[in-house]
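Let's walk through this assembly together, chain by chain and then contact by contact. Please have the model open on your screen as you read.

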Amino acid sequence: MKELFILAVVTVFTLLTYYLVEPFAHSQMHKHVESEGFAYKDLPALTKKGDAARGKDLVMGAGACAGCHGIEVEGMPAPMDPVTAAQSYGVNPPDLSNAGAVFDPKFLAALIKNPAHALMVEHKFDANKGQMHPMTSFYGAGGDLDQEVADMVAYLQSIAPKAEELTPKMAFETACGRCHAIHYPYVKDGEAHPAWTQIGEKPTFKKKQDALAFETKVLDYQDALTKYMGTLPPDLSMYIRSRGEHYIKTFVENPQNYLKGTAMPRVGVSAESAEKIIEHLEDVGDSKRHMREEIGKNVMIYIIIFAIFAILWKKEVWKELH
Amino acid sequence: MKNSSRRGFMGKAFGAVAGVGAVASLYAMKRSWDPLPSVKAAGFTTLDMSAYKENELVTEKWRGKPIFVLKQTAEMVKKAKSNPKDIERLIKVGNDYFMVCLGLCTHLGCIPGYNPEEKSFLCACHGGMYDFTGDVTKAPPPRGLDIPPFKIDGNKLVLGEEGPEYKKMLENGTTLRA
Amino acid sequence: MAHFTKATSLHDWLNQRLGIDTVRRVMATEYWIPKNINFLWAMGMVLAITFGLLLISGIFLLMYYQPNVATAFDSVNYTIMQEVGYGWLWRHIHGVAASVVFLIIYIHMFTGIYYGSYKKGREMIWLSGMLLFVAFSAEAFSGYMLPWGQMSYWAGMVITNLFAGGSLHADGLVEWIRGDYVPAQAFLNRFFMLHVLLIPLAILGLIGLHFGALRIPHVNNQDGEEIDFEAEAAKYKAGDKANSKVIAFVNDFMSKDMMVVGIYLIFFFYLVFYHYDFAMDPVNFDPANGLKTPAHIYPEWYFLWSYEILRPFSTDVGLIAFAFAQVIFFALPFLDKSPNAVPASRRGLFKFWFWAMLIDMIILTAMGKVPPEGLFSTIGLYAALTFIGLWIALPFITKFEKKV
């Protein structure tokens, strides 16, 4: 069949061009980073079994965590408001209520012992040069350090919500939301969520003064954050489309993969939390994805039927022409 | 001679399939004209009724339209109670009575002005008048000021939601659906 | 004055006033197309359908798009993509169709070149088609500005800078085009106007001209055979459809067009729903930032070949080469000196010229996207030189072509 041969020629040249300008060109422009599945292989494994009750004493006592962190589920609000906290530490220290669910336990243990190392920001915080990370290392309460750290991690896990209770939004807020804003509101399961700023959800104000006062607080926070990070961390509203799932995951897993020397820390989320963060970014930046898939299926079925009827019509008309 | 452009069976069938697709795409087009979810979500206004002062007209905004809120004095309430048609127009939140009306003249939609001494509204466009409950006292307006859908929630009033008190007003003809 | 009688039906009423039967006969049922054609002859209809999809989806985007540098990005990516009912569908259709329409245009162009459909009285078809290509390019470029993302901004910056004319330093002209020192509000507004009004008007007019240009020389066929359309049409009308060399536009040609359109739409909607990233560059989902250039700037794929002709040379030579590439296809009917209007396969050296041109343009396209370094630069340079060389060689190789 001559027509099929011509179609094959057209298809081959089209696919060749596509291959060259898309997969090939992108492989030349961006290096490919393979995910390690959030294994954090460089960090030592937890060898001791933690005890949550002892961990609670350490967190409240010798660890002095509550000096900077709030623990809402235990009825302990943050010691400072976000803006003051950012002006003191560079960034608002997270509330620890969800930490045990969002972060990898191995990472949490390493973080308690040596924050700059676990966060992979030693290029910014070199203790030998007197550049101290705002979170101080925990050197132990007199007992076995590994055991004590394991206890503290066990405590954080004991107060954290279960995996199925941790929503994508909670995962995002705990892991990313103190540096990154998302200025798109979104609706999920019929519930409307307002825009997210680094200091929390943006309320609706009746009076312009109140709205401007809030805006000022956000700007003050962003100023402190910009000073701390060197640049204002980007708004993530459209990141699911501008970066895509693979890039975000491998970047979060180890920011140094792409940007050597970046101030963005390794945040140490677990593999499950990373999935939830991706889901949150999809909820915000690609909220119609389920509809797109469903409508797509129906349109494809319709258009195939359309093509079949078109072919049958052509055959009917051309019967007399041959 | 047979019309060469006449379609055979398959031609008609193909036309029908194409027509189904065209109608389906009309649905998507219709949906694109709908008010946005954010517009619909903004269709609810919550008023804190404890903030108003007696006999002082405050104009709020609901769905882009002016809403008159007038807290009644004891004297006004007493006067309204003497006329069942008037007292039915008032909304009781806690122990206070309020006139809450769409601030558009029912004649041709101008915004009437309030005179606190006379305790009445005058529409400058064609001279229509309303009393302090929003009931019409002088033509040409055909009826009293319309009352927006509301729901009483503690000492708050949610405009845009239909509570039992509003439904009662609809039933007894105090207001039309605004 | 014409004589009107009492109408016997709505059809008759309209027919007396508008002559709809005549219009139908002239435009459809007795508009004769050669029978000896393949599916490539349906690309015109495929283009018309794609243009229709662009127009309809564009109307719905236009209802919510805001041409303001502060709100344009969010009006597209938030309002249209997340809020408007089916807004995401219109945008995906619009974005994918804008890319695919160029694929079809290129297939349509190379079909014309291969079968010699720009010769022997068909020059105006070619020229009006080339004007359409230019208008579509301007339409694509101006539309690309509108989401006001990083690629919009930087493409706007780079392309308008071309008008400085290299060492002519016509910076005043560049500022005049932008209405500002950098692409900003005035720039966005005027490109919005061009995209939704002036260029579409030009395209509609040119489509009319392109169709009209077909009427007298008639559609070519896949063997370059000269057909006596009147005699063949008479044969067809007498009922000998099987032996006539022509077919009617409606239903004969149309039914084949629709078959191709149906198969094309399967491909098209697959891209719209499942494979849209190639047409909607992820970088453009970052809002425009005049203080930060993206790591890689490249035009959409359909501009890459001419962009690559610009790139390997120094500024001035590059601009001249670029200008050459932009206009040279217009000259094709006049540079091809051969009297043969037959498929390239029967035209001696021209056959090699055709395939060399096609492959060279694909190489240019590929090299236009990859970073201009090392081997890629060298390949790009030779491909650009080959492109220019092929055009210089064209009059010579066709002049000595044997008449078939």
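Predicted model: local features only at pLDDT ≥ 70, side-chain atom pairs only at ≥ 80, totals over all residues.

The secondary structure of chain C consists of 16 helices and two strands. Its radius of gyration is 24 Å, close to the 22 Å that the globule rule gives for 404 residues, so chain C is as compact as a globular protein of that length.

Now turn to chain A, which has 13 helices and four strands. How does its radius of gyration compare with that of a compact globule of 322 residues? The globule would come out near 20 Å, but chain A has 26 Å. Along the principal axes, the C-alpha atoms of chain A occupy a box of roughly 95 × 50 × 35 Å. Buried residues make up 36% of the 322 residues here. Among contacts in chain A between residues at least 6 apart in sequence, 72% connect residues at least 24 apart.

Chain B comes next. It is split into domain 1, covering 9–35, and domain 2, covering 43–171. Between the C-alpha centres of these two domains of chain B there are 48 Å.

With the chains in view, look at where they meet. Chain A and chain C touch through 41 residues from chain A and 44 residues from chain C. On the side of chain A that touches chain C, the elements giving two or more residues are α1 (2–29), α10 (239–242) and α13 (289–318) of chain A. What kinds of residues make up that side of chain A? They divide into 24 nonpolar, eight polar and nine charged.

Chain A also touches chain B, in a contact that takes 10 residues from chain A and 10 residues from chain B. Which element of chain A supplies the largest share of its side? That is α13(A), with eight residues. The side of chain A that touches chain B comprises nine nonpolar residues, no polar ones and one charged.

Note on methods. Residues numbered from 1 in each chain as written. Chains lettered and ligands numbered in written order. Domains from an automatic or database assignment. Rg over C-alpha atoms; globule rule 2.2 N^0.38 Å. Contact = placed C-beta atoms within 7 Å. Nonpolar A, V, L, I, M, F, W, Y, C, P; charged D, E, K, R; others polar. Buried ≥ 20, exposed ≤ 12 C-beta atoms within 10 Å, placed from the backbone.
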